[in-house]
Amino acid sequence: FFVDAKRAEDIADGIIKEKLDIMWEPQGSELNHVSKLSDKSLKLIEKSGCSRLTFGVESGSKRILNLVNKNISPRQVLGLNKKLAQYKMIANYNFMCGFPTETLYDLKETVNLSLKLSEQNKNATVSNILVYTPYPKTDLFPLALKQGFIQPQALEGWINYNTDTVNLPWISKERKKLL
């Protein structure tokens, strides 16, 4: 939604000019794009009824962020969160854990970042930290295979394909309980 800041502003301005009494939220806001918005733009977007911005941060570990090609840093996340603390809009952050090669230190960095966001901004929320699930054609799928993941061989095998039923060989039983 925010790739073209002018377009986002025009939409917000149109909502205001048409006196539409709505609450809205763009799905999956890109942190890098929202970070570039001016205070004037953010005020306009908030005034138009935007109630929540949701970001897929994925990890608090710079190493894991690089692994998943996120092109953001924990410092950028904290910077945007601080900026958004001035507004009534909810800043919602999504995280994941259980990535191939993820260490306990990486996981702690994720938890620490999620806690800092809530401490820094009373309007910040952190969704449940979800467990990574490998899917074909994604960037990490070859690494998951290299780490011992065995994908279902038939279409029926994908039916119950979720973090409770999938065997992620790089996650021990103890780590799975922790996650």
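1. Contact here means heavy atoms within 4.5 Å. The model you are looking at is predicted: local features need pLDDT of at least 70 and side-chain atom pairs count only at pLDDT 80 or more, while totals for chains, interfaces and linings use all residues. Residues are numbered from 1 along each chain as its sequence is written, and side-chain values use heavy atoms, with hydrogens and water left out.

2. Let's start with the whole chain. Its secondary structure comes to eight helices and three strands (DSSP runs numbered from the N terminus: H or I of at least four residues for helices, E of at least two for strands). The C-alpha trace spans about 55 × 35 × 25 Å along its principal axes.

3. How much of the chain is buried? Of the 179 residues in the chain, 39% are buried (under 20% relative accessible area; exposed is over 50% and partly exposed in between, with a 1.4 Å probe and protein chains only). As for contacts with a separation of 6 or more, 74% of them in the chain are between residues 24 or more positions apart.

4. Now look at helices α5 and α6, the latter covering residues 104-120. Their axes are 9 Å apart and pack at an angle of about 20 degrees (axes are lines fitted to C-alpha atoms, for helices over the stretch in contact, and angles run from 0 to 180 degrees between N-to-C directions). That makes α5 roughly parallel to α6 (under 35 degrees; over 145 is roughly antiparallel, 65 to 115 roughly perpendicular and the rest oblique). The crossing of α5 and α6 is right-handed (the near helix is turned clockwise from the far one by less than a right angle; anticlockwise is left-handed).

5. Which residues bring α5 and α6 together? From α5 come P74, V77, L78, N81 and K82, and they meet L113, K116, L117 and Q120 in α6. By class, this contact of α5 with α6 has five nonpolar, two polar and two charged residues (Ala, Val, Leu, Ile, Met, Phe, Trp, Tyr, Cys and Pro count as nonpolar, Asp, Glu, Lys and Arg as charged, and the others, Gly among them, as polar).

6. Another helix pair to find is α1 with α3, where α3 is residues 39-47. The axes of α1 and α3 come within 8 Å and cross at roughly 40 degrees, which makes α1 oblique to α3. This crossing of α1 and α3 is left-handed. On the α1 side, E9, A12, D13 and I16 take part, and they meet S41, L44, I45 and K47 in α3. The residues of this contact divide into four nonpolar, one polar and three charged.

7. E9 lies in helix α1 and counts as partly exposed, at 24% relative accessibility. Leaving aside neighbours within four places in sequence, E9 is in contact with S41 and L44. E9 and S48 are 39 residues apart in sequence, and their C-alpha atoms are 9.5 Å apart in space.

8. Next, the aromatic rings. The structure holds six aromatic pairs (rings of Phe, Tyr and Trp, taking its six-membered ring, with centres within 6.5 Å; planes under 30 degrees apart are stacked, over 60 edge-to-face and the rest tilted). The rings of F1 and W24 have centres 5.3 Å apart and planes at 55 degrees, so this pair is tilted. F1 lies in the segment before α1 (5-17) and W24 in the loop between α1 and α2 (31-35), so the pair ties together parts that are 23 residues apart in sequence. Ring pairs also link F1, F2 and W24 into a cluster.

9. With 6% relative accessibility, S29 counts as buried. Not counting residues up to four places away in sequence, S29 touches F2, V34, L53, T54 and F55.

10. N69 is not a glycine, yet its phi is positive, near 55 degrees. N71, in the loop between α4 and α5, has a positive phi of about 60 degrees, and N71 is not a glycine. N69 is partly exposed, with a relative accessible area of 47%, and N71 is exposed, with 62%.
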